[in-house]
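Please walk through this protein model with me, from its overall shape down to single side chains.

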Amino acid sequence: MRNKILTAVSTIMLFVPWTILPLRTFDWALESPAAEIMIACYAVFMIFSGVFTIVSYVKAKAGNNLMKVCLIVNSLYAVAGITFLGMMIHAQLMRGGLL
């Protein structure tokens, strides 16, 4: 039962990052402070979902086929989230004259 819940949560986490696409159709979502905050929040969520899925797969031994797909996709999301946050931090450092 526990493995099914972990698999369901990981599966739901697959689709959450795609909700940024409809949000970005609004004008307020394209302006500087809102856009940066929104992208940072989504990046943190993507990193969290990758770590959650990896921990669920390894520690709880939830190893069904759907969980394997979630592991691959959420791990890619986590790498992308780390990349996005790194790019944002680098841009902030360049803008502040620290680099």
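What follows moves from the whole chain to its helices and then to a few residues.

This is a predicted model. The chain has four helices and zero strands. Its pattern along the sequence is α-α-α-α. The radius of gyration is 16 Å, well over the 13 Å that the globule rule gives for 99 residues, so the chain is more spread out than a compact globule. The C-alpha trace spans about 50 × 30 × 15 Å along its principal axes.

Next, burial and surface. Buried residues make up 27% of the 99 residues. The chain exposes about 6,600 Å². Carbon and sulfur atoms supply 77% of that area. Now take the contacts between residues at least 6 apart in sequence: 68% of them join residues at least 24 apart.

Start the helices with α3, which covers residues 32–58. At 1.5 Å a residue, its 27 residues should span 39 Å. The end C-alpha atoms of α3 are 39 Å apart, which agrees. The buried residues of α3 are Ala-35, Met-38, Tyr-42, Ala-43, Met-46, Ser-49, Gly-50, Thr-53 and Ser-56. They pack against α1 (2–15), α2 (20–23) and α4.

Helix α4 covers residues 65–95. Its 31 residues should span 45 Å at 1.5 Å a residue. The end C-alpha atoms of α4 are 45 Å apart, and this agrees too. Buried in α4 are Met-67, Cys-70, Leu-71, Asn-74, Tyr-77, Ala-78 and Gly-81. What covers these residues includes α1 and α3. Just after α4, Gly-97 takes a positive phi of about 80°.

Now zoom in on Thr-53, in helix α3. Thr-53 counts as buried because its relative accessibility is 0%, and the cut-off for buried is under 20%. What does its side chain meet? A polar atom of the Thr-53 side chain lies 2.8 Å from the backbone oxygen of Ser-49. The side chains of Thr-53 and Asn-74 are joined by a polar contact of 2.9 Å. Asn-74 is itself one of the buried residues of α4. Leaving out residues up to four places away in sequence, Thr-53 touches Ser-10, Met-67, Cys-70, Leu-71 and Asn-74.

Ser-49 also sits in helix α3. Its relative accessible area is 0%, so Ser-49 is buried. Beyond its neighbours within four places in sequence, Ser-49 is in contact with Met-13 and Asn-74.

Finally, look for charge pairs. How many salt bridges does a search of the whole structure find? It finds one. Glu-36 pairs with Arg-95, and their closest N and O atoms are 3.9 Å apart. The pair links distant parts of the chain. Glu-36 lies in helix α3 and Arg-95 in helix α4, 59 residues apart. Glu-36 is partly exposed because its relative accessible area is 28%. Arg-95 has a relative accessible area of 57%, so this residue is exposed. The cut-off for exposed is over 50%.

Definitions and conventions
Residues numbered from 1 in each chain as written. Predicted model: local features only at pLDDT ≥ 70, side-chain atom pairs only at ≥ 80, totals over all residues. Heavy atoms only, no water. Helix = DSSP H or I, 4+ residues; strand = E, 2+ residues; numbered from the N terminus. Buried < 20%, exposed > 50% of the residue type's maximum accessible area, 1.4 Å probe, protein only. Polar contact = N/O pair within 3.5 Å; in protein donor to acceptor, adjacent residues only side chain to side chain. Contact = heavy atoms within 4.5 Å. Rg over C-alpha atoms; globule rule 2.2 N^0.38 Å. Areas by Shrake-Rupley, 256 points an atom, 1.4 Å probe, with all protein chains shown as cover. Salt bridge = Lys/Arg side-chain N within 4 Å of Asp/Glu carboxyl O. Expected span 1.5 Å × (residues − 1).
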